[in-house]
Amino acid sequence: MPLGSRSRGTSPLRTNPYPLGVTYKLDDSAHPPLDKAAHPVLHEGRVAVITGAGSGIGRAAAKVLANLGMKLALADVDQEGLEQTANEVSSIIGASNVLAFPIDVANFDEVVKFKEKVFEAWDEVAVLMNNAGVATLDGKRGTSWENRDVWTEVLNTNVVGVLNVQHTFVQSMLHQENPSVVVNTGSKQGITNPPGNPAYNASKAAVKSITESLGHELRSQPDPHVTAHLFIPGWTYTGLTGHLTAGIGDKPDGAWSAEESVLFMIDRVRAGDFYILVPDNETRREVDELRIMWGAADITEGRPALSRWHPSYKAAFDEYMKEGLAQLD
Ligand SMILES: NC(=O)c1ccc[n+]([C@@H]2O[C@H](COP(=O)([O-])OP(=O)(O)OC[C@H]3O[C@@H](n4cnc5c(N)ncnc54)[C@H](O)[C@@H]3O)[C@@H](O)[C@H]2O)c1
């Protein structure tokens, strides 16, 4: 039997709930404007906590939520970036509605103090955006047996950091009467595990698992009023993807801006989605779905791990994608 012939072919794809051509821009009249009163959580006057707010997606989220009229508690280990975001959002919502905390999310004591200050000031959290993350250590990625320092840094920030924030804030959010949401930032790399950055992939696989458990435990509460959401950005033009730091000034055509990814996330949180799988200009949702299903079928079809990148399965994978996408046309 030729390698790859055990594939059952493609599974039917869900109808894409996101119509092509809908753009996600604050000032785009084609997209419904942000309605300040449309959602009980994403609502004027309520409080959003954002980690990793000093750059990229976190900064864009701060601006979008400030435009919604939310109060903001911002955290980042990069004090300069944090101050810049705080200044930008203060001009939208007013300085008295912005708190900025230069903390390392991997440091539990700092996160506890951060949470205490937020509750002291405003006594509630509506949106907990657990977003701080790193992909490398000073540009180094490491392998599965080298660069332990990279693994330590990436797992400490992306896993221990996410847990520190989740453990600290969710306990208090459970005691609130108002509904609230926890949005943990994962990655497609934590689902499909592409070769090249094993520490980052492992960290984001952990975030997926942590958030799925959180979602289940929250909805099993006697009076469930906190929901969990796994935000899975596509290729988004930020510091993390290296383009900004490499001095490539313009957004590559294939990437989405951080604002687009955030507006998409907010749209799907409002709709109640748990998995918020964000497309970009290069990868449409259907392509992501096929890749995810192929990866899951490595187990059920008895193929080697990461067969998508195995030379003996390349032809089968290419055929599977072709067939899957042909079904849509
Ligand atoms: N940009 C993408 O294409 C992409 C794709 C998938 C997932 N993500 C995820 O989105 C999230 C935001 O990333 P981004 O693309 O905006 O990158 P970014 O580098 O622009 O922003 C990340 C922010 O997190 C902060 N941070 C890092 N370590 C921290 C720590 N220990 N404590 C506090 N703050 C810390 C950084 O200083 C930075 O301001 C990350 O979790 C990332 O893994 C990004």
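**Reading a ligand shell, a strand and a helix**

Modeller: Start at the ligand: 30 residues surround it, the closest being Gly52, Gly56, Gly133, Thr238 and Leu240. A residue counts as near a molecule if its C-beta atom, placed from the backbone, lies within 6 Å of it. This is a predicted model: local features need pLDDT of at least 70, side-chain atom pairs count only at pLDDT 80 or more, and totals for chains, interfaces and linings use all residues. Residues are numbered from 1 along each chain as its sequence is written.

Colleague: Which helices each supply at least two residues of that shell?

Modeller: Helices (H or I, at least four residues) and strands (E, at least two) are DSSP runs, numbered from the N terminus. Here α1 (56-67) and α4 (148-174) each supply at least two shell residues. The largest share, three residues, comes from α1.

Colleague: Now strands. Which residues of β4 are buried on each side?

Modeller: In a regular strand the side chains alternate between the two faces of the sheet. Buried means 20 or more other C-beta atoms within 10 Å of the residue's own; exposed means 12 or fewer; partly exposed is in between; C-beta atoms are placed from the backbone. In β4 (residues 127-130), Val127 and Met129 are buried on one side, Leu128 and Asn130 on the other.

Colleague: Which strands do bridges join to β4?

Modeller: Two strands pair if DSSP finds at least two bridges between them. Three bridges join β1 (residues 47-51) to β4, in parallel. Ala48 stands opposite Val127. Four bridges join β4 to β5 (residues 180-185), also running parallel. There, Val182 is the bridge partner of Leu128.

Colleague: What span should helix α8 have?

Modeller: The expected span is 1.5 Å times one less than the number of residues. With 16 residues, α8 (residues 285-300) should span 22 Å; its end C-alpha atoms are 23 Å apart, which agrees.

Colleague: Where do its buried residues sit?

Modeller: They are Leu290, Arg291 and Trp294. They cover an arc of only 100° around the axis, so they lie on the same side of α8. The arc is that of the directions from the helix axis to the C-beta atoms. On the other side, Ile299 and Thr300 are exposed. Gly302, with a positive phi near 70°, follows α8.
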